[in-house]
Amino acid sequence: MPWDPAQYLSFGSERLRPALDLLAQVPLEAPRLVVDLGCGPGHVTRILQARWPSARVLGVDRSPDMLSRASTDVPGPAWRQADLATWAPEAPVDLLFANASLHWLEDHAALFPRLMGFLSPGGCLAVQMPRNHDRPSHQAAFAVAEEGPWRERLVPRLRRQPVSEPETYLEWLAPRAATLDIWETDYVHRLEGPEPVVAWTRGSLLVPLLEALEPDEREAFLAAYRDRLRRAYPPDASGRTTFRFRRLFIVARPSALA
Ligand SMILES: C[S@@+](CC[C@H](N)C(=O)[O-])C[C@H]1O[C@@H](n2cnc3c(N)ncnc32)[C@H](O)[C@@H]1O
């Protein structure tokens, strides 16, 4: 059960907003080479290309399904299938933009300085990562994974804290940065439809967990997860569900020594 572009895009506007908030803080006038790291279905790549029409824009992702959707839907950018853990650009990059992707990678202590090293002088690294792992949406998935008969298969796949504290990124990046802007935002979404938080996490957090289960186990996992979420996220009188979601933002420009 690989990444599903349609499932991911089902909360398109809620998922787009942080990318736009990040883009608004990118201080570049006319980057020549822009790379969208973990570009997914390409809807953010499209916005990067529209923001800088004369830039060369490249979307990089590991998922063939996401890239196939991106190349069908979004003319203009080039697309490359690669694992960001080992990918390196062919030339220095003016903007590395990573919206909701780098939390899937391990070892940020090595990754972030490495990415800074790919930038041209005056370039920019712009990153947004979800940091909701201590909230019920994520804790409930961890609990169901630990408590079911699938425990042995799922526990090694749990990524309980894939994103560190903001201060930790500051520590890693400050020695390499001429300018560094780090902030967090809590988005208080009001989602429509039945059990929308399950639909949300099915497009992201649950992907690697459901992938490890047989179809009947998947149903059992989702039933147990739904049960916990119903208590944590009850709908209000209007039928909408309030879903608070924290995200971390980083905009860094390299110093001469990066
Ligand atoms: C949540 S989606 C974000 C997509 C897009 N950036 C956006 O803003 O909507 C995360 C994407 O990261 C990709 N991804 C996860 N781990 C990756 C890796 N190691 N290398 C390349 N892409 C990866 C997934 O395939 C997926 O398309």
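# Terms and values in the model

Modeller: Among contacts in the chain between residues at least 6 apart in sequence, 76% join residues at least 24 apart. Two residues are in contact if their C-beta atoms, placed from the backbone, lie within 7 Å. The model is a predicted one, in which local features need pLDDT of at least 70 and side-chain atom pairs count only at pLDDT 80 or more, while totals for chains, interfaces and linings use all residues. Residues are numbered from 1 along each chain as its sequence is written.

Colleague: How many helices and strands does the chain have?

Modeller: The chain holds 11 helices and 7 strands. Both are DSSP runs numbered from the N terminus (helices are H or I with at least four residues, strands are E with at least two).

Colleague: What radius of gyration does the chain have, and how does it stand against that of a compact globule?

Modeller: The radius of gyration is taken over C-alpha atoms, and the globule rule is 2.2 Å times the number of residues to the power 0.38. For 258 residues the rule gives a value near 18 Å; the chain has 19 Å, so the two agree. The C-alpha atoms fill a box of roughly 50 × 40 × 40 Å along the principal axes.

Colleague: Why does Pro 41 count as buried?

Modeller: A residue is buried if 20 or more other C-beta atoms, placed from the backbone, lie within 10 Å of its own; it is exposed if 12 or fewer do, and partly exposed in between. Pro 41 has 26 C-beta neighbours inside 10 Å, and therefore counts as buried. Pro 41 lies in the loop between strand E1 (33–37) and H3. Its C-alpha is 13 Å from that of Ser 204, although the two are 163 residues apart in sequence. Buried residues make up 38% of the 258 residues in the chain.

Colleague: Why do Glu 195 and Arg 202 count as partly exposed?

Modeller: Glu 195 has 16 C-beta neighbours inside 10 Å, and Arg 202 has 19. Both counts fall between the two cut-offs, so both residues are partly exposed. Glu 195 lies in the loop between strand E6 (177–191) and helix H9 (196–202), and its phi is near 45°, also a positive value in a residue other than glycine. Arg 202 belongs to helix H9. Its C-alpha is 9.1 Å from that of Asp 4, at 198 residues apart in sequence.

Colleague: What makes Glu 219 count as exposed?

Modeller: Glu 219, in helix H11, has 11 C-beta neighbours inside 10 Å, and therefore counts as exposed. Glu 219 and Pro 89 are 130 residues apart in sequence and 41 Å apart from C-alpha to C-alpha.

Colleague: What values describe the packing of H6 and H11?

Modeller: The axes of helix H6 (residues 136–147) and helix H11 (residues 215–232) come within 9 Å and cross at roughly 145°. Axes are lines fitted to C-alpha atoms, for helices over the stretch in contact, with angles from 0 to 180 degrees between N-to-C directions. Residues in the contact include Ala 140 and Val 144 of H6, and Phe 221 and Arg 228 of H11. By class, the contact has 10 nonpolar, no polar and 1 charged residues. Ala, Val, Leu, Ile, Met, Phe, Trp, Tyr, Cys and Pro count as nonpolar, Asp, Glu, Lys and Arg as charged, and the others, Gly among them, as polar.

Colleague: At what angle do H2 and H3 pack, and which residues make the contact?

Modeller: Helix H2 (residues 12–23) and helix H3 (residues 43–51) pack at about 35°, with their axes 10 Å apart. Gly 12, Leu 16, Ala 19 and Leu 23 of H2 meet His 43, Val 44, Ile 47 and Arg 51 of H3. This contact has 5 nonpolar, 2 polar and 1 charged residues. The buried residues of H3, among them Val 44 and Leu 48, pack against H2, E1, strand E2 (56–61), helix H4 (64–73) and strand E4 (93–99).

Colleague: Which residues come nearest to the ligand?

Modeller: Of the 21 residues around the ligand, Gly 38, Gly 40, Arg 62, Ser 63 and Trp 104 come nearest. A residue is near a molecule if its C-beta atom, placed from the backbone, lies within 6 Å of it. The shell has 11 nonpolar, 6 polar and 4 charged residues.
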